[in-house]
Amino acid sequence: MDTLSAMKVFCSVVESNSLAGAARMINVSPSVVSKQLSALEDRLGARLINRTTRRVSVTEEGRAYYERSKQIIADIDEAEIAVSHAHTAPQGLLKITAPFTFAHRHLTPHLPEFIRIYPNIEIQVQVSDRVVDLVDEGLDLAIRIAHLKDSSLIARRLAANHRSIVATPTYLEMHGIPQHPEELSGHKLVTWPPGNPINDWHFLINDQERTFKAKGLIYIDSGDSILSTVLAGGGLSMLQAFMVGEYIKNKQLIPVLEDFVREDIPIFAVYPSSRHLSPKVRVFVDFLLKKYGPQPYWITK
C-alpha cells in the first residue's frame, strides 16, 4: 500500500463527507476509494471512518489522523515546490497561533494585505494565550511575547516591546504624578492577580536593578480588562507598549517614571527547528518584519 496515496484518499473522504464525493474529487472509482481506506485502517489498526449506506462520519481517531495527514501532505507539497525552485510563489495553508491581545491589535488587521500580496496562501489563526506545542498541534508559526527558553524552536525577533506605567490625566491630577518608584505604594494600582510574575515591575535606581512587587487595589486576569480599567481612571498599571502606544500618542494615557522603568518583553516569531522553513513561513515572517519595522508603530519613544 502506498501510504501517502492512502492518506490523500482519506483526506478527500473527510473533506467531501462521502466515498463517492472523494472519488470524484481525485478522479478514481468509488471502489478504489473504499479499498484504499480499508487498507489504511488495517495498517493503522484503527477505524477512521464510520460508514453507512448514505453518509460517512469521522471517528475521534480519524479526526486526529486527518489533521496530521493534512500537515504531512502540505509539507511534502512545499518540499517539492522548494526543490523545483518554485519558492517565488509561496502557497498552501499557513497555520499560526498568537496571543489574544496582540492578534487583535497587530496581527489580524494586516492579514488582508498579506493575502493580497500572496493570494495562493491560506491562513488559519489560532488565537490563544496558551503556549502550545507547535509540532504536536501541527502549527507552522507562533507569535510569542516572552523571554524565550525553549531551545527546540527557531526564533526571529520581530519587535521590541517595552512596558510603561500609565494612568489617565484625570487620575494623575487627582492623585499626583509619582516621581520615584517608592511613591507607588501610595497609589491605586491595577494589576494581575497576586502571584503572577507580570506583577514584578523592574526599575533601575541608582544604577541598581530593583524589583517592585505590585499589589493591586484592583486585580484582573486579562490585559485588555486592565487597560479598560486604567482608561476609566482606575489607577496606575504597567502595560505593554503594543497595548498602550496609541493611547499615549493621543494623550488618553500618560506614562510615568520613565527614567526608572526597565522593562522589555520582545515579540518573536517562532517555528520548529525540525521543520524546513517553508516559503509560506519565510514570506510571512518577512512581511511582519517589514510591517513592524525597526521602530514599531506602537512605540512612542
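Visitor: Where does V32 lie in this structure?
Guide: V32 lies in helix α3, which covers residues 30-44. Keep in mind that we're looking at a predicted model.

Visitor: Why does V32 count as partly exposed?
Guide: Its relative accessibility is 36%. Buried means under 20% and exposed means over 50%, so V32, at 36%, counts as partly exposed.

Visitor: What makes the nonpolar surface patch?
Guide: M25, I26, V28 and V32 make it, and the patch comes to about 280 Å². A patch residue needs over 30% relative accessible area, and V32 has 36%.

Visitor: Okay, on to the sheet. What is the order of the strands in the open sheet?
Guide: It goes β4-β3-β5-β14-β6, 5 strands with mixed pairing.

Visitor: Why do β4 and β6 stand at the edges?
Guide: β4 (121-127) and β6 (153-159) each have a single partner strand, so one side of each is left without a neighbour in the sheet. As for the twist, it averages 25° from one strand to the next.

Visitor: How do you know that β3 and β4 pair?
Guide: Two strands pair if there are at least two bridges between them. Strand β3 (residues 92-98) and β4 have 7 bridges, in the parallel sense, so they count as paired. One of the bridge partners to look for is V127 in β4, which goes with A98.

Visitor: Which strands does helix α5 lie across?
Guide: Helix α5 (residues 100-107) lies across β3, β4, β5 and β14, running at about 125° to β3. Helix α10 (residues 279-292) lies across β3, β4, β5, β6 and β14, at about 25° to β6.

Key. Residues numbered from 1 in each chain as written. Predicted model: local features only at pLDDT ≥ 70, side-chain atom pairs only at ≥ 80, totals over all residues. Heavy atoms only, no water. Helix = DSSP H or I, 4+ residues; strand = E, 2+ residues; numbered from the N terminus. Axes fitted to C-alpha atoms, helices over the stretch in contact; angles between N-to-C directions. Contact = heavy atoms within 4.5 Å. Patch = residues over 30% accessible without salt bridge, like charges linked within 9 Å, V, L, I, M, F, W, Y side chains within 5 Å. Areas by Shrake-Rupley, 256 points an atom, 1.4 Å probe, with all protein chains shown as cover. Salt bridge = Lys/Arg side-chain N within 4 Å of Asp/Glu carboxyl O. Buried < 20%, exposed > 50% of the residue type's maximum accessible area, 1.4 Å probe, protein only.
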